[in-house]
Amino acid sequence: MNAITKITPDIQTQIIEAFNFRHATKVFDAERKIDAAAFQTILEAARLSPTSFGHEPFKVLVIQTPEKRELFREYSWGANGMMSGSTGQLGTASHFGIILASTAQTMTAGSDYLQDHYRNVKNLPDEVIEIFNGAYGKFQATDHDITTDRQISDWAGKQAYIVLANMMTAGALMGIDSCPIEGFDMARTTETLRDHFGVDTASWKPAVMFAFGYRAKDPEFPKTRRTMAQTVSWF
Ligand SMILES: Cc1cc2nc3c(=O)[nH]c(=O)nc-3n(C[C@H](O)[C@H](O)[C@H](O)COP(=O)(O)O)c2cc1C
């Protein structure tokens, strides 16, 4: 049986059920922890995610030490419970973390970092590396105009959001709840990562936070979305 024939209506139902099950969980049951194998599966979904040119311009920090999580509380209004009258995702999630995005230092075409990545991660021969250098250089300079440090880290951040989406979907398929979080002060988060986590913030910038666990209660409101016709146009 090949991969295509395995996509049965039953799997389609499971996928849609998982997407309906997933909601942005504000408060988790702090007593319920995700087992190590299930969280490892979520991390594999991150690691195996697609990235532009296969450059993998992201890193995942998992922050489990309570004192370390507390360093973000003051300025992370999207995770500190100020909207739910609780300790928020920071205080209740089984697993909490940040996805970092690469900066211009490593993701500029021709960088030493990329030469090493092509050679030692992607196992490309020299002649193919030359093709990558040329194509990515053109992509940055003209196709997408991604040349400033901000543009490059924003571009890397886009890849981080794909990673996050895959992690959340993998979780939902296993009945694990999650929350994507960008309600935080970027500058202060960057400082915290530099001062308390040893992150080289010239090479890595925070993109988005995540929380995983099991919901403390069902969502108060039903999920709302635009209709399919409002969302999708066919030509
Ligand atoms: C990139 C991104 C950032 C978000 N940031 C936060 C956040 O900081 N705190 C929070 O509680 N929810 C956050 N959300 C959740 C959204 O508000 C939520 O996904 C949206 O309202 C739709 O609801 P649903 O996910 O429950 O279906 C974020 C969602 C995304 C995709």
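Strand E3, residues 177–181, gives the most to the shell around the ligand, with three residues. Strands here are DSSP runs of E with at least two residues, helices are runs of H or I with at least four, and both are numbered from the N terminus. This is a predicted model, where local features need pLDDT of at least 70, side-chain atom pairs count only at pLDDT 80 or more, and totals for chains, interfaces and linings use all residues. Residues are numbered from 1 along each chain as its sequence is written, and side-chain values use heavy atoms, with hydrogens and water left out.

There are 14 residues around the ligand, and Arg22, Ala24, Lys26, Gly78 and Lys223 come nearest; near means a heavy atom within 4 Å.

Now the individual atoms. A backbone N or O atom of Pro180 is 3.2 Å from a ligand nitrogen atom. For Gly183, a backbone N or O atom is 2.9 Å from a ligand oxygen atom. Arg225 places a polar side-chain atom 2.9 Å from an oxygen atom of the ligand. On its own the ligand has 620 Å² of accessible area, and the protein covers 66% of that, by the Shrake-Rupley method with a 1.4 Å probe.

Next, two helices. H1, residues 9–21, packs against H8, residues 149–173, at about 110°, with the axes 8 Å apart. That makes H1 roughly perpendicular to H8, a term for angles of 65 to 115 degrees. Axes are lines fitted to C-alpha atoms over the stretch in contact, and angles run from 0 to 180 degrees between N-to-C directions.

Notes: A polar contact is a pair of N or O atoms within 3.5 Å; within protein, one must be able to donate a hydrogen and the other to accept it, and residues adjacent in sequence count only if both atoms are side-chain atoms. Angles under 35 degrees count as roughly parallel, over 145 as roughly antiparallel, 65 to 115 as roughly perpendicular and the rest as oblique.
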